[in-house]
Amino acid sequence: MQVLSRQRGVSLIEVLVAMVIFSVGVLGIALMQIKGAQFSKQAGARTVAVLQARSLADAMRANPAGVYGPSGNTGDLSGSYYKYDGTAAPDPSSCGDSNGPCAQAMSDLAGWLKELNAGTATPVASVQPNPNAGTLTIKISWKAMSPGVINDTTTDAYQFDYQP
């Protein structure tokens with residue numbers, strides 16, 4: 001009598017190879033999820049910076065007397081009430097007239113900074129005259145998050161010039 005040996009099913013080595021290939025695929029998908037979350041957070045911080053910078057420009061459009069400052073000289077932005085160097089918080093009570101353009105500008109800046117600091121980026125902001133262009137440069141910078149870098153100390157920034 002002759003015994004025929006027929007192999008049926010899958011060998012253990014084939015199963016192990018399939019598991020390794022499947023595991024590498026799952027790890028790749030998990031890594032893509034993590035990177036996607038990091039990029040989404042970066043995009044969110046940039047969006048907040050752009051929206052906040054543009055909102056301050058809209059406030060300046062609504063208060064043109066505050067943009068040109070006490071001189072009222074259009075084209076000269078050196079005395080602008082909207083100047084902010086990023087150090088001392090603007091104080092509307094420091095203006096003589098509580099309803100004037102100075103108080104409105106200081107209130108706009110204080111509200112702008114409050115909204116910026118409500119975000120997760122911990123930004124540094126400034127509004128400075130650009131004498132060469134006759135504009136106010138609104139700049140916001142925040143701690144960046146470089147994907148894959150632990151204890152990242154780089155910063156990201158957004159700035160634009162507001163032409164009154």
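Trainee: What makes Val-10, Leu-12, Val-15, Leu-16 and Met-19 a nonpolar patch on the surface?

Mentor: Together these five side chains, Val-10, Leu-12, Val-15, Leu-16 and Met-19, have about 500 Å² of accessible area. A patch takes residues with over 30% relative accessible area and joins nonpolar side chains within 5 Å. This is a predicted model.

Trainee: Why is Leu-12 called exposed?

Mentor: The cut-off for exposed is over 50%. Leu-12 has 64% relative accessibility, so Leu-12 counts as exposed. Leu-12 is placed in helix H1.

Trainee: How do you know that the length of H1 agrees with its number of residues?

Mentor: The expected span is 1.5 Å times one less than the number of residues. For the 51 residues of H1 that gives 75 Å, and the end C-alpha atoms are 75 Å apart, so the two values agree.

Trainee: Which residues of H1 are buried, and what covers them?

Mentor: Ala-45, Ala-49, Gln-52, Ala-53, Leu-56, Ala-57, Ala-59 and Met-60 are the buried ones in H1. Their cover includes H2, H3, strand S1 (124–130), strand S2 (135–143) and S3. In the whole chain of 164 residues, 28% are buried.

Trainee: What is the order of the elements in the chain?

Mentor: The chain has three helices and three strands, and from the N terminus they run α-α-α-β-β-β.

Trainee: What makes Arg-46 and Asp-156 a salt bridge?

Mentor: The rule asks for a side-chain nitrogen of Lys or Arg within 4 Å of a carboxyl oxygen of Asp or Glu. The N to O distance between Arg-46 and Asp-156 is 2.6 Å, so the pair qualifies. This pair links distant parts of the chain: Arg-46 is in helix H1 (residues 12–62) and Asp-156 in strand S3 (residues 155–162), 110 residues apart.

Trainee: Why are Arg-46 and Asp-156 called partly exposed?

Mentor: Partly exposed lies between the 20% limit for buried and the 50% limit for exposed. Arg-46 is at 34% and Asp-156 at 24%, so each counts as partly exposed.

Trainee: How many salt bridges are there by this rule?

Mentor: The count is two. The side chains of Asp-58 and Arg-61 also form a salt bridge, again with an N to O distance of 2.6 Å. Both residues, Asp-58 and Arg-61, lie in helix H1, three residues apart, about one turn of the helix. An α-helix has 3.6 residues a turn, so residues three or four places apart point the same way.

Trainee: Are Asp-58 and Arg-61 exposed or partly exposed, and why?

Mentor: With the cut-off at over 50%, Asp-58 at 47% is partly exposed, whereas Arg-61 at 51% is exposed.

Trainee: Why is Ser-80 called buried?

Mentor: Buried means under 20%, and Ser-80 has 6% relative accessibility, so Ser-80 counts as buried. Ser-80 lies in the loop between helix H2 (64–68) and helix H3 (101–118).

Trainee: Which residues is Ser-80 in contact with, leaving aside its neighbours within four places in sequence?

Mentor: Ser-80 is in contact with Gly-66, Val-67, Tyr-68, Gly-69 and Leu-136.

Definitions and conventions
Residues are numbered from 1 along each chain as its sequence is written. This is a predicted model: local features need pLDDT of at least 70, side-chain atom pairs count only at pLDDT 80 or more; totals for chains, interfaces and linings use all residues. Side-chain values use heavy atoms; hydrogens and water are left out. Helices (H or I, at least four residues) and strands (E, at least two) are DSSP runs, numbered from the N terminus. Buried means under 20% relative accessible area, exposed over 50%, partly exposed in between (1.4 Å probe, protein chains only). Patches are made of residues with over 30% relative accessible area and no salt bridge: like charges are joined within 9 Å, nonpolar side chains (Val, Leu, Ile, Met, Phe, Trp, Tyr) within 5 Å. Accessible areas come from the Shrake-Rupley method with a 1.4 Å probe; for residues, only the protein chains shown count as cover. Contact means heavy atoms within 4.5 Å.
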